[in-house]
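Here is my note on the helix packing and the pockets of this model. Please read it with the coordinates open.

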Amino acid sequence: MSRAQARLLIALALALAASGGGWMAVHWLHWPAASAPPMEGLPSPWEPWLMRLHGAAMMVLLVVVGRVSATHAQRGWRLGLRRRGGLWMLGALATLACTGYLLFYWVPDDQRDLWGAAHGALGLAWVASLAWHRRRPAP
């Protein structure tokens, strides 16, 4: 993988973690609490902007991962390097894309927090696995 591709992938993963984590902090923890008084159950004005950033970063990430899969992942597969980790990362990313779509369009409001928490936990695990995959020396 080229250095530019690696940097772009890491930047997008960080943007996804920051926007998703920021949304969770604003939505569930009502942070920053001092910035505005509670709005009696209404969502924070930050929520839609964080979700827009999150969705945009995910769309670009899917394109970058498609490009990386055509070169980096295929080369690693042929050489037998980090297969389990690569499969986990691709499978988790596909699951995140699907659950994100479901959260946006299909999940009923009464189930949204549960699905959102599962989506967020998987997303954080994916970002951590990306860091582990990147730092781990090849066998």
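1. The model is a predicted one, in which local features need pLDDT of at least 70 and side-chain atom pairs count only at pLDDT 80 or more, while totals for chains, interfaces and linings use all residues. Residues are numbered from 1 along each chain as its sequence is written, and side-chain values use heavy atoms, with hydrogens and water left out.

2. The axes of α1 and α2 come within 9 Å and cross at roughly 155°, where axes are lines fitted to C-alpha atoms, for helices over the stretch in contact, and angles run from 0 to 180 degrees between N-to-C directions. These two helices (DSSP runs of H or I with at least four residues, numbered from the N terminus) are therefore roughly antiparallel to each other, a label given to angles over 145 degrees. The crossing of α1 and α2 is left-handed, that is, the near helix is turned anticlockwise from the far one by less than a right angle. The contact of α1 with α2 divides into 17 nonpolar, six polar and two charged residues; Ala, Val, Leu, Ile, Met, Phe, Trp, Tyr, Cys and Pro count as nonpolar, Asp, Glu, Lys and Arg as charged, and the others, Gly among them, as polar.

3. For helix α2 (residues 46–79) and helix α3 (residues 83–105), the axes come within 11 Å and cross at roughly 160°, so α2 and α3 are roughly antiparallel to each other. Their crossing, too, is left-handed. On the α2 side the contact (heavy atoms within 4.5 Å) is made by residues including Met58, Leu61, Val65 and Trp77, and on the α3 side by residues including Leu87, Leu90 and Ala97. By class, nine nonpolar, one polar and two charged residues make up this contact.

4. The largest pocket has a volume of about 1,100 Å³. A pocket is, on a 1 Å grid over the protein atoms alone, an open set of points where a 1.4 Å probe fits, with protein on both sides within 12 Å along at least five of seven lines, and lining residues have an atom within 4 Å of a point. Of its 37 lining residues, Met51, His54, Gly100, Leu103 and His119 are the closest to the centre. Helix α2 gives the largest share of this lining, 11 residues, and the lining as a whole divides into 22 nonpolar, 10 polar and five charged residues.

5. The second largest pocket has a volume of about 690 Å³, and of the 26 residues lining this pocket the closest to its centre are Met1, Val68, His72, Ala73 and His133. Here α2 again supplies the largest share, nine residues.

Notes. Angles under 35 degrees count as roughly parallel, over 145 as roughly antiparallel, 65 to 115 as roughly perpendicular and the rest as oblique. Grid points are joined across faces, edges and corners, and a volume is the space filled by probe spheres set on the points.
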